Amino acid sequence: MTYKKVLATAVALMLVAALATLAGGQGKLTRANWAEAVGFKPDLSSAPAAGEVISAANLEQYKAFVPDGVQKLVKRYGFKIWTKDYESVAPADTYIAATNKYMGTAKTLDPNAHYRKIGIDGYKAGLPFPKPKNGVEVAWNYIYSYQGDDAKNWFSVYWISAKNGIERSEDWTWNYITRGCFRTDIEPMPDIPEARAKRYQYYSVTTALTPLDKKGFSAMYTRSIDPKDQQGYIYVPAQRKSTRFAFGTRGDSWNNTDLLYEDVRGYMGYPEWMTWKIVDKKTMLLPMNAGISHGKDVVKNVYDFDKAPHWNFKGKWEPRPVYVVEAKAKFPDYPYSKMVFYIDAEMYYICVKDAYDKKGQLWKVLVNAWNKSPDPHSSPAPVGTSLVVDLQAEHATAFGWQKSLSNVGLTPDEFTLANLRKLGK
Amino acid sequence: MRWGRLCATALVVIGLVPSLAVAESGNFDLNGYFQMQYGLFTNDAYHNESDKDGFPSNHGDRVGKLSMARHTLLLEADWEPFDVVGVHAVFRGVRSASLRADRFAQTPDMEFDLKYNHDPDVMQAKIDATHEKYYNENELREIYVDIDATSKINLRIGRQQVSWGDMATYRLLDVVNPVDGSWHLPPFEAFEDTRKPLYMAKLLIDVPVLQGNLETLYIPLIDDPEDTVTTPATFYGAWGLPVGSKNDYISDLKVMNKIMEYPENDLSNSRVGVRWKGILGGLTYTLVAYHGHQLTPPIPDYVIKSWETDDEGYHAADVYLRIPRLNTYGFSLDYAFESPIGMVVKLETALTPEVQYAVNSPLSAGFTTDNRINSTWEALDLTAPAGQSDLRAEMHSEERHHLAYALELFRSNQIRFINPKSSIITVFRIFQDFYFNPEDINEDEYKLGNPYVLETLEDGSQERNENWHIVYAPGYDSTLATPIKTTLVAAAFTSYFHGMFTPGVVCAYLPRYPAEIMGSEDVFDWETFENGSGFVSTTFNFSFGNHWRITTGYNYIQGADPYYDLGFFRDRDEAYAKVRYQF
């Protein structure tokens, strides 16, 4: 009799626990279950074995795993893909906790609404849409993917011609607050009061360090939570002036590179500006955990600057769960007829982007390679390198990262006109 | 010998580039460039003509003659001994070729020509004097210490440039540093190169809670006095204001020296200024107040003439020019409209009460009956025998309240059939100057007259209103200007080949105020535009690698009147090239 009571109690408790789990939707997200809980499990059964090097010679065999644009790089320019084993990646504990805390609060609004009308409601912090149901939700997951709350970066830019090699280079710093609102890592949380009051999501200042004719040039801008154009100022050393600048032009290249302003990080626009569609959901090779060394002195080890096309870089690619998402602009003057994003389904980073011209021809391929986080529990994965290739012009821009620090405690006070003036000479 | 030294220095510097690159590590950074800049006059309308008195009526030089040949070595060093302390220094060494176009330069310490006999020796002396005084330079242009007292307070002490105002090419509120345009017309050069840095203490206080910052300046004026004001454009030749015709010199004086009474190195001459720059909603605004000097034009103060006359009956005379105090008050606003408008609109205004302008001074000849003093002249030595004392006369100037505004529309455009890859920046600006309080002028005082202004009297007849003697062109004290001045500027530039090729064009036009219709509401008519002046400046910048920068271009200048606005320079069209090696 006693045993029966104990058994019945145990069964009852187990049932309660099971019901509680069900009541919680997908259950509590943890570092261990993050990968599957927010995206899907990669199918590794036919994926290239670790150590395989995919080149033009064996591309056909692994074609299904390689993004279209990268296939072009492999076939036309001898780009090689060094493969490694899959390793799941999860954001910092704080971001996971925020995702759990605000699970289910975010909702997308009418995705066909005017591009100036905000397209999300109820978002607080963390990943807004674990297991996204459509392209817009994937886009929002990318927008609010875990980047830490701020960062300082030092990087080099290389303009590269397929025929002639490096044309010129510049060194820059880039400091930004990724999360003015919806913060997870640094107090004040969830919002910096000033940012909340102004509805600022993002503060950024970039400063050129070399060469001399660019030294001291700075651009400072803010992005709103609302789908507005960026607002900002530039400091022009030759004039010793900071002056307001229009950052809203569609298709404006960043600093005469192959990268448009909207291409920064893969996509720097707003989800509201595009219509989004998931075109595939599968396992593909992407440069996550890419193991690319940082430093101005080692960039020549990362990029093969000497050999045509002079922009191929050496980094690790691994089988990843990938959402292939297509985006088309809602406004007519956008330079791309469509963009296809290859978005990692665990971190929601854009690792590869194919951009098509107005005639529907593949125009540019953008690759963002991400390294492992120096401390997965508290900081984001830093970018290893970025490469944009203009297939039509046979020209590329490579971004070699010298140093990256996250969650350093930047405040809006560091993004003022006075500081912009101080950055210049 | 100088050329030899310069070339040797350049070679040494270029040879040292690898080691300089090493110096860029750590907290010390050394950069610089060596630059060669050449220009050739191209106006085939120039015929070296003179008027009946021998005064040059053409300016500039023949086609193919040098408009400039300037070689610059610039070294820029930055050192941060501590996190909160930085030191910045800029050295500039310049060697330029002497120019034949300077043969009529009105250098301040040379005898003024009253008849141009085109004596080769005299012309060569002017060429040499201009070359010696303006074209060569060895200067520590900037040397300052930056101290971040706190994260919100920055103190910069030393020789520096400060740029206020938001208009790139028009210096309404950019009143702190004077300008040296002796080697090229300033609109064709970067302000950074033409500004004269000054020693000053600049305090920058960031006030985030008010979304703004306060910048205060104290300029003790310890620089070389000559560097504290804009170099008078009447003093140099190839790019200076041209000598007028003999009709402008109805006088028995022969000016031997123009003596500048620069503000002395005295605390009482200190300049101070304050600027607030803030953000209010979507607007950026600035408020400026500055107590300084009138950087240009210098005002003729008095003249001292010898009692003796030369063989032609002229008295040798020295003219003293002063730099009056000037206060400037102003504000600016800017706003960025979102796309599809995608435009930045800027407005800037400056009020300068009591600006002084030189006017013609009717100095009577001879002495009064007591041989001592008349209404114009005062004997300097009352003990001298009658008629044998040097004489002094005060020269005339006028005060005006001056209000200026500038409106700028700035847009970045995607015009894919012109440039499929990069945006095309377009800028349109309108500037207007207004001069007030003409009623304060004594109508009987100035009689040399303005040929452009007619005034309708009560009886319906017209006569010249001779009170509008405002000198618009800086330093050119025989030029008359009008109570309203308008300048229109349009500019466009873009880049191709990923920034390797950057063409640009700037057009400026100054419609002439139709004096004949003063008082009419119909101020801007077609004649206004036909009689105006302007320039078209094209630039083609090439960037090769990290080191080589080449700029070529053409400057076309036109004006209906050779002695008005940009018409002064209408025969100085030029093609130019600039080659820079930077490191």
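Guide: Helices (H or I, at least four residues) and strands (E, at least two) are DSSP runs, numbered from the N terminus, and by this count chain A has 9 helices and 17 strands. The model is a predicted one, in which local features need pLDDT of at least 70 and side-chain atom pairs count only at pLDDT 80 or more, while totals for chains, interfaces and linings use all residues. Residues are numbered from 1 along each chain as its sequence is written, and chains are lettered from A, with ligands numbered from 1, in the order in which they are written.

Visitor: What makes chain A as compact as a globular protein of that length?

Guide: The radius of gyration is taken over C-alpha atoms, and the globule rule is 2.2 Å times the number of residues to the power 0.38. For 425 residues the rule gives 22 Å, and the radius of gyration of chain A is 22 Å, close to that value, so chain A is as compact as a globular protein of that length. Its C-alpha atoms fill a box of roughly 90 × 55 × 40 Å along the principal axes.

Visitor: Why does A:Arg421 count as buried?

Guide: A residue is buried if 20 or more other C-beta atoms lie within 10 Å of its own, exposed if 12 or fewer, and partly exposed in between, with C-beta atoms placed from the backbone. A:Arg421 has 22 C-beta neighbours inside 10 Å, and therefore counts as buried. This residue lies in helix α9 of chain A, and 54% of the 425 residues of chain A count as buried.

Visitor: Which residues is A:Arg421 in contact with, leaving aside neighbours within four places in sequence?

Guide: Two residues are in contact if their C-beta atoms, placed from the backbone, lie within 7 Å. By that test A:Arg421 is in contact with A:Tyr235, A:Ser242 and B:Leu204, once neighbours within four places in sequence are left aside.

Visitor: How many residues of chain A are in contact with chain B?

Guide: There are 38 residues of chain A in contact with 40 residues of chain B. On the side of chain A that touches chain B, β6, β10 (241-246) and α9 (417-423) each supply at least two residues.

Visitor: What is called the largest nonpolar core, and which residues have the most contacts inside it?

Guide: A nonpolar core is a set of buried Ala, Val, Leu, Ile, Met, Phe, Trp, Tyr and Cys residues joined through C-beta atoms within 7 Å. The largest such set has 123 residues, and those with the most contacts inside it are A:Leu286, A:Val325, A:Phe341, A:Tyr342 and A:Ile343. Strand β12 (residues 316-329) of chain A gives the most to this core, with 7 residues. Among the residues that A:Leu286 touches, beyond four places in sequence, are A:Trp317, A:Val322 and A:Tyr342.

Visitor: How do you know that strands β5 and β6 of chain A pair?

Guide: Two strands pair if DSSP finds at least two bridges between them. Here 12 bridges join β5 (residues 150-161) to β6 (residues 165-177) of chain A, which run antiparallel, and so the pair meets that definition.
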